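Hello, and welcome to this structure. Here are a few numbered points to read alongside it, beginning with a question.

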Amino acid sequence: MTELAPPSPPDVIPVETSAAPGTIQRRARGFLALFFVAIGLFTLKTFLPALLWGCVFAISLWPLYRYTEQRFGRSEWLPVAFTLAVTLIFLIPLSLVGVKIADETQSVLRWIDDVRNNGIAMPEWVHHLPVASTQVTNWWQNNLTSPQRLSHLLHSVDIAHSMQMTKQLGSQVARRGTLFAFSLLTLFFLLKDGEYVIHKCLVGSHRLFGEQGENVAKQMVSSVHGTLAGLVLVGLGEGAIMAAAYISTGAPQPLLFGMLTAVAAMIPFLAWPTVAFISLLLLAKGSMIGAIIVMALGSVVIFVADHFIRPALIGGSTKMPFLWVLLGILGGAETWGLLGLFLGPAIMAALHLLWTLWTAETPEEAQSEGEF
């Protein structure tokens, strides 16, 4: 019996590669990681604002949370308490505003009914205007004191369009409420596992960017803390001072307009039109002295806050010129909305640090610029 020889193996043609197999694998893993990061961000694009807000809340509260944890000890209820406190900080003012709006809606409906039947009486201050008093008086009498003209104006409002706007408003409120709930959930887990998250971020930063990556992260965190103090806390202070002025001068709904002024004051230059609007309301009520007091006090408070307090708080924490801070705030608000008030300065803080590192003339200067 003759044994069959085994088949000869096929000829293997060697393939020359310009890179070692390890290099190819590292590049492939890098591209695969970038692909999954991109597709993950695309999947979570609807919830990214909520996640970013949760990170902003956690960064802002982390020093206080660490101090409380060191003072009273670690507890599973501590992140719950902080998350509940943040919830109440937002929900209590919104509830008060909602109650006030409901009350004012009833008053507005009664006012519309009265205007439809009797017109709008001309206030006394119109006769005392220094300029164009006669023209304003004639226009008011021809257009606003006549019930027929006002009734025609009120009936010309598109009811269907108003209903559509109401539905859109309800949809936006539901969407914002859902995102706020996810922000609170993100805040809870970041506080609960904060040390673990910080450790992992530092390890990843050192592997990818070295020591300078940690410095950039510290600069961005400092910008968030400075923005919290310079925008939010200063804005609340301005709102409290102006609310006291509104109460003393007899402005309508002083607490509601005080909260509105506080929110507007968190954005540079936006408090001016708010204070001017309250002054006009006081002027319409016939309180010219009150309108002058509110406008004068508001101008002083806003000028001091925008030109002295905010630059010191925000620029001092990041060692960044106030022009960079201002551009970050306004550009961030324009691009990202309210979230941009924190993201904009953080991005500009990172760019400012990178600029100082790139333009350093010696390694010692770069090291001193990167230290905090």
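1. What volume does the largest pocket have? Please keep in mind that this is a predicted model. In it, the largest pocket has a volume of about 2100 Å³. Its lining is made of 46 residues, and the ones closest to the centre are Trp53, Phe90, Leu94, Val263 and Leu338. These five are a handy place to start looking.

2. Next, the elements around that pocket. Two or more lining residues come from each of α2 (48-72), α3 (77-118), α6 (159-192), α8, α9 (254-265) and α13 (340-358). The biggest giver to the lining of the largest pocket is α2, with 10 residues. Sorted by class, the lining of the largest pocket holds 38 nonpolar, 6 polar and 2 charged residues.

3. Now to the second largest pocket, whose volume is about 1100 Å³. Its lining counts 27 residues, with Ile59, Ile198, Cys201, Ala217 and Val221 closest to the centre. At least two lining residues each are supplied by α2, α7, α8 and α13. Which helix provides the largest share of this lining? That is α8, from which 9 residues come. The classes here are 20 nonpolar, 5 polar and 2 charged.

4. Helix α8 (residues 211-249) also deserves a look beside helix α7 (residues 194-209): their axes come within 6 Å and cross at roughly 130°. The two helices are therefore oblique to each other. On the α7 side the contact involves Leu202, Ser205, His206 and Phe209, which meet Glu211, Gln212, Gly213 and Glu214 of α8. By class, this contact of α7 with α8 has 2 nonpolar, 4 polar and 2 charged residues.

5. How do α8 and helix α10 (residues 271-284) lie, with axes that cross at roughly 5°? Angles under 35 degrees count as roughly parallel, so α8 is roughly parallel to α10. The axes of α8 and α10 come within 12 Å. Glu238, Met242, Tyr246 and Thr249 of α8 make the contact with Ala271, Val275, Ile278 and Leu282 of α10. The contact of α8 with α10 divides into 6 nonpolar residues, 1 polar and 1 charged.

6. Last, the aromatic rings. The count comes to 11 aromatic pairs. One of them joins Phe47 and Phe182, at 4.8 Å centre to centre with 55° between the planes, and is classed as tilted. Where in the chain do these two partners sit? Phe47 is in the loop between α1 (21-43) and α2, while Phe182 belongs to helix α6. The pair links distant parts of the chain, its two members being 135 residues apart.

Definitions and conventions: Residues numbered from 1 in each chain as written. Predicted model: local features only at pLDDT ≥ 70, side-chain atom pairs only at ≥ 80, totals over all residues. Heavy atoms only, no water. Axes fitted to C-alpha atoms, helices over the stretch in contact; angles between N-to-C directions. Helix = DSSP H or I, 4+ residues; strand = E, 2+ residues; numbered from the N terminus. Parallel < 35°, antiparallel > 145°, perpendicular 65-115°, else oblique. Contact = heavy atoms within 4.5 Å. Nonpolar A, V, L, I, M, F, W, Y, C, P; charged D, E, K, R; others polar. 1 Å grid on protein atoms, 1.4 Å probe; cavity = no way out; pocket = protein on both sides within 12 Å on 5 of 7 lines; lining within 4 Å. Points joined across faces, edges and corners; volume = space filled by probe spheres on them. Phe/Tyr/Trp six-rings, centres within 6.5 Å; stacked < 30°, edge-to-face > 60°.
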